[in-house]
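Biologist: I am new to this structure and would like a close look at a single part, the place where the two chains meet. Please take me through it slowly, together with whatever lies beside it.

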Amino acid sequence: MAESTSLRRAMAWPGQYRMLVMMWIRSSLAYPASFALTLVSTMLITGTDFVAVVLMFSHIESFGGFSLGEMGLLYGTASMTLGLADLATGSIERIGQRIRTGELDVWLIRPVPAFIQAVADNFALRRLGRPFQAGLVLVIALGHIELDWTVAKGIVLVVSMLTGSIIFGAIFVLGAAFQFISIDSAELANSFTYGGQQLTQYPLSIFGKDIVRAVTFIVPLAFVNYYPVLFVLGKPAPLGLPSWIGLLAPAVAVAMIALASVAWRGGLRRYRSTGS
Amino acid sequence: MSVIQLENVSRAFTVTSRTGLRRTKREVRAVDNLSFTVGRGEVVGYIGPNGAGKSTTIKMLTGILVPSGGSIRVAGVDPSRNRMKLAKRIGVVFGQRTTLWWDLPLKDSFAVLQKMYGVSRARHAENLATFVELLDLGDLLDVPVRQLSLGQRMRGDIAAALLHDPEIVYLDEPTIGLDIISKARLREFLAQVNKDRQTTIILTTHDLDDIEALCSRVMVIDHGHKVYDGTLTGLRSSQSAPRTLVVDLAASLPPITIDGATVTKVDGPRQYLTFPTTTSAAPLVAQIAATYPLQDLTIAEPTIESVIARIYANPAPVTD
Ligand SMILES: Nc1ncnc2c1ncn2[C@@H]1O[C@H](COP(=O)(O)OP(=O)(O)OP(=O)(O)O)[C@@H](O)[C@H]1O
Ligand SMILES: [Mg+2]
């Protein structure tokens, strides 16, 4: 019985999330011009990293065994997954401020999970800029890659966007959960997500074996896009790992969700508010 | 039937203080072995000096804070384990911070709450109409919360806390910063809600008029301990605070000397004498009338402020 009520409660989450998100969108659309402007500027700013990659290829033919088109695929998937994770859960990094000021109290008296309120808080449509930009790069890149497409490869690519976003999102949540322990850990969390995103844009093997081990076994960023892309492109995996390792991405995503949810709950129970 | 039960509840905080370069850790027991029960429909005034542990208690009752020891049941559940389930049944007002959305007009905040709490449209409209009238919110509905004055915002917050028909309402300093008229209106409103809906109310305040106007029961807490629990009248007599005899004589005279009372102040022909609650006033009056040109006389009961001040000054934990 307890199972079914918690299931029923969980079923309400998407609706609650949508309701809060719509509320924030409505209040931000009060200024449509500034919305459009920030959307375009986000696209341009996030696109500059890829411009750097393209410029690099005017001097070289391949980078870590990847052609320009293949780099585009790697970059596009990295940027897309980060963008989607940021769109859906990015607001949670601001939890530190609420913990410090005790404003989290307000979320905790409501019948909606604090998590839903945290990820929907100040939801900003302009964060669509990065996924748009990533989508553009992906379309162009796929046009430049010569590959025997199979249904399996297509599915792996599409599913990896979802699982990659989940892995990034879980890292965001883990970073937020850490802020219940040390309020100053926001920077550390940022270095994992945004720094991690920098890594995922490149063929990870170029960083050396130790980094590859770290992003496989410790912070599983390699499963965000690198291993799935290797599988799709039919390239061998590093460290003598089997080439089907990319197919484990969904399992890694599930494990990350479990880890993040335990950490988040633990964080909430440690919350001490402020004197008032 | 009790809706709130606390048994030996404690909450400690580790506080790190920095003196120069040294950091020392210290444990503050904000709430220490606190037990009480509250029945349905009661209005309890929860008072105590700054730092007594009032807000901490309320945060544990709402499930915001997890107790470090003891057990809490609110409406039959453990608040910190069933926080969201409980949320629909309670309303909370923090005088110090708003639960509304800064950038949204008041009515949009209310609309979001209606959806969050799953209140039917009809019931929402009905409650809203009632609260708009009783709290005079009509002109404020279209104003973003950010632009409301403190008192206006507080009224909005109180309406927000009650829109989902909570069984229990916690108000942590709801009258802070309100003018006299707003305070009176708020008290009236809360009394009305309690009467109409049998809502259990727990209220912390530093304004004892709130307690006098609203609360059938007072709990006094100090250093995390309960030091008094009972009626306001009982609170007065529990502390044998001295009563005052105000005597108007026919002329300015040197201080009156009689047995059983001492002069504390002379103000021209008016003299103030204090005497213990245990002494009867009649023989004192007779004595004065016999020896002095007495014109008028009043007996002042100890003010509730002076009673409370005595408790805060030398708390004697009650056992019950
Ligand atoms: N988050 C916290 N971290 C550390 N100490 C805290 C925290 N919250 C409360 N305290 C301490 O616990 C004690 C009780 O605080 P609390 O806020 O409950 O007091 P209060 O009775 O509400 O006082 P006031 O009348 O000033 O509002 C104080 O000594 C305070 O310093
Ligand atoms: Mg307080």
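Modeller: What follows describes the interface between the chains, then the ligand site, and then a neighbouring boundary between domains.

This is a predicted model, in which local features need pLDDT of at least 70 and side-chain atom pairs count only at pLDDT 80 or more, while totals for chains, interfaces and linings use all residues. Residues are numbered from 1 along each chain as its sequence is written, chains are lettered from A and ligands numbered from 1 in the order in which they are written, and side-chain values use heavy atoms, with hydrogens and water left out.

Where chain B meets chain A, 32 residues of chain B are in contact with 26 residues of chain A, contact meaning heavy atoms within 4.5 Å. The size of an interface is often given as the accessible area lost when the parts come together. Here the two chains bury about 2700 Å² between them, 60% of it on carbon and sulfur atoms; buried area is the accessible area (1.4 Å probe) that two parts lose on being put together, summed over both. On the side of chain B, the residues that lose the most area to chain A are Met84(B), Arg97(B) and Met116(B), which together make up 24% of what that side buries.

Arg97(B) also forms a salt bridge with Asp105(A), with the closest N and O atoms 3.2 Å apart, and the rule finds two salt bridges across this interface. A salt bridge here is a side-chain nitrogen of Lys or Arg within 4 Å of a carboxyl oxygen of Asp or Glu. Between the chains there are also eight residue pairs in polar contact, both residues being at pLDDT 80 or more; a polar contact is a pair of N or O atoms within 3.5 Å, and within protein one must be able to donate a hydrogen and the other to accept it, while residues adjacent in sequence count only if both atoms are side-chain atoms.

The side of chain B that touches chain A draws at least two residues from each of β1 (2–19), α1 (54–62), α2 (83–87), β5 (90–94) and α3 (106–117) of chain B, and its largest share, five residues, comes from α3(B). Helices (H or I, at least four residues) and strands (E, at least two) are DSSP runs, numbered from the N terminus.

Turning to the ligand, residues from chains A and B surround ligand 1, so the site is shared between chains. In total 17 residues surround ligand 1, the closest being Gly51(B), Lys54(B), Ser55(B), Thr56(B) and His206(B), where a residue is counted if one of its heavy atoms lies within 4 Å. From chain A, an N or O atom in the side chain of Arg272(A) is 2.8 Å from a nitrogen atom of ligand 1. From chain B, a polar side-chain atom of Asn50(B) lies 2.9 Å from an oxygen atom of ligand 1, and one of Glu173(B) lies 3.2 Å from an oxygen atom of ligand 1.

Within chain B, 11 residues of domain 1 are in contact with 12 residues of domain 2, the domain bounds coming from an automatic or database domain assignment. One salt bridge is counted between these two domains, and Arg197(B) forms a salt bridge with Asp165(B), the closest N and O atoms being 2.7 Å apart. Asp165(B) forms a salt bridge with Arg123(B) as well, at 2.6 Å between the closest N and O atoms.
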